[in-house]
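Thanks for coming. Please have the sequence and the structure open while I talk.

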Amino acid sequence: MSAENKMECTAKNQAECAAGNQTERAVDMRVNIAGVEWKNPVTTASGTFGSGAEFAEFVDLGRLGAVTTKGVANVPWPGNPTPRVAECYGGMMNAVGLQNPGIDLFCRRDIPFLRQYDTKIIVNVCGRSERDYCEVAERLSGEDVDMLEINISCPNVKEGGIAFGQDPKAAEDITRAVKRYAKQPVIMKLSPNVTSIPEMAKAVEAGGADAVSLINTLTGMKIDIHRRQFVLANKTGGVSGPGIHPIAVRMVYEAAHAVKVPIIGMGGIASAEDAVEMILAGADAVSVGTANFHDPAVTVEIAEGIERYMQAYGFAKVSDMVGIVE
Amino acid sequence: MADRKKETVKVLMKERLAEGIFSMWIETEAAGQARPGQFISMYTNDAAKLLPRPISICETDGERKLRVVYRVTGEGTGTEQFSQMKAGDTFGIIGPLGNGFPLERAAGKRVFLMGGGIGVPPILELAKRMSCKEKQIIVGYRDGQTFLKEEFETNGTLYISTEDGSVGTKGNVMDAVRENGLRADIIFACGPAPMLRAIKAFAKENQIECYISLEERMACGIGACLGCVCQSKEKDSHSNVNNKRVCKDGPVFLSTEVEI
């Protein structure tokens, strides 16, 4: 444990601080997600971080376990009309509608950019049909990326997206189809807008998913009472941010008890404490999303905070904490 | 290079300029680099409001002091919280952000600097920095509460329009242009969409180079989330579709490159 990682003793954290600084032992921050080793358990939630270029001005991407990109499709998508974003109490809503430059430009520009950094690359894949998803997975099979995350849970597009993520049979089928083309491990990103998370998690596991990530945003609606119209042009949008965190923790816990594959937990994580909570509930790694808009450097601060927590409580490695609250 | 960060800044002075319009000088590193037309992302100290408020830069001292002039958008809003701050209070910002006005294009030209409503403040720093042949500042207000008027008067020839006719030309900034028979070779404008549409049409009709500063609801403010796009005439090289990011590619655009 290096000196700068020592916990600062304050009245508030005295006990853990003392414990942490006494043990003075190194903690192993590495995690293994479906055979891919990340240097720490923190990645970025798709759609909040672009392909990293804009955030690289604020945070060293080489200090993240992985960068998860904004969803990319086989062809460029223009996305939804504006307004696409709105704030709500303790969070925000978005209906960007998966605007993306298409897989060709993505491979030419974004993958080489991310490869400059010592971090894993997870490409989020979106599509309107099974064929779209498979086309992108096949294209990426020849690219230097580490994992694919299949977005079957976007609430803001009319076709594809969530349509595959709300029916267990459809989710299983699309997982199986994508797995036929993917060379890299496949993470299926689950929607919270379902009756049973365990059922969906089991379905994608049965389809061959190498990991699951959850939760995507919860579908919401906001009305401007002065203009008497919807705030978002799309009428509905995905709710994210600290307000949804307890829902996400519950769903990660449920998923962890339903499947054996690794789980990437996300939903309202804004601090190391939130991240640890998610790990204790059963997440093998965590994604940070909306909190990036509140502080662009928050991902690295969360990774450092998890390390301090482990030192304070004597956890030698991240996997020792995963799902231990039964 | 990860050399930028969210900065904690200190309020130096805050005052009310007009009904719902407030001015705040802050001490910030951003002051030294800011160009006219850029904005800062302002974070409230209320944890329930996690998105920044993008606020245009009104003026700077070029070193450590930066001024924002903003409108309070309603009760319980982030802008209301900023309006209640006092000297010595602190809050977080990121900035300067966005591209700013290409003021070097004005050299040797007759210029319109046009602002309307809460689009008036960024015109001040532009007017202060611009060197050109003829600096015509045309600003539009709702009524006689003509905030920043004195500052404009010392930085160019000022024309005012008011919706209620209490000061200057009755109507909008385009009415002021017509009433005074003004001519320009280049236009810089910031204001509400209907005003910008009228200015864009005027510029097209008279074949005048015209730069407009757009507004859109933002989330990240740095070009990553694609929340605040506008439609572009041609396919944009970054987005690969006909969309440009207001926060990163703008907020200032050549009027002919965007559909508004």
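Which residues have the most contacts inside the largest nonpolar core? They are A:Val212, A:Val252, A:Val286 and B:Ile187, and the core has 190 residues. A nonpolar core here is a set of buried Ala, Val, Leu, Ile, Met, Phe, Trp, Tyr and Cys residues joined through C-beta atoms within 7 Å. A residue is buried if 20 or more other C-beta atoms lie within 10 Å of its own, exposed if 12 or fewer, and partly exposed in between, with C-beta atoms placed from the backbone.

Some housekeeping. This is a predicted model, in which local features need pLDDT of at least 70, side-chain atom pairs count only at pLDDT 80 or more, and totals for chains, interfaces and linings use all residues. Residues are numbered from 1 along each chain as its sequence is written, while chains are lettered from A and ligands numbered from 1 in the order in which they are written.

Let me start with chain B. Strand E11 of chain B covers residues 186-190, and five of its five residues are buried. Helices (H or I, at least four residues) and strands (E, at least two) are DSSP runs, numbered from the N terminus. On one side of E11(B) sit B:Ile186, B:Phe188 and B:Cys190, and on the other B:Ile187 and B:Ala189. Beyond its neighbours within four places in sequence, B:Ile187 is in contact with residues including B:Phe112, B:Met114 and B:Ile199; contact means C-beta atoms, placed from the backbone, within 7 Å.

E11(B) pairs in the parallel sense with strand E7 (residues 110-116) of chain B, over five bridges. Two strands pair if DSSP finds at least two bridges between them. B:Leu113 has B:Phe188 as its bridge partner. E11(B) also pairs with strand E12 (residues 209-213) of chain B, again parallel and over five bridges, and there B:Cys190 is partnered by B:Ser213. With helix H5 (residues 193-205) of chain B, E11(B) and E12(B) make a right-handed β-α-β unit. Right-handed means that, with the strands pointing away from the viewer, the path from the first strand over the helix to the second runs clockwise.

Now chain A. An open sheet of eight strands runs in the order E3-E16-E15-E10-E9-E8-E7-E4, with parallel pairing. Why is one side of E3(A) and of E4(A) left without a neighbour in the sheet? Both stand at the edges with a single partner strand each, so one side of each has no neighbour there.

Inside that sheet, four bridges join strand E8 (residues 147-151) of chain A to E9(A), and A:Glu149 has A:Ile187 as its bridge partner. Both faces of E9(A) are covered: A:Val186 and A:Met188 are buried on one side, A:Ile187 and A:Lys189 on the other. Three bridges pair E9(A) with E10(A) in the parallel sense, and A:Met188 is partnered by A:Val212. From E9(A) the chain crosses through H6(A) to E10(A), a right-handed β-α-β crossover.

Helix H6 (residues 197-206) of chain A has buried residues too, among them A:Ile197, A:Met200 and A:Val204. Their cover includes helix H5 (168-181) and helix H7 (245-256) of chain A. Just after H6(A), A:Gly208 takes a positive phi of about 105 degrees.

Last, the two chains together. Their contact takes 37 residues from chain A and 27 residues from chain B.

Key: Two residues are in contact if their C-beta atoms, placed from the backbone, lie within 7 Å.
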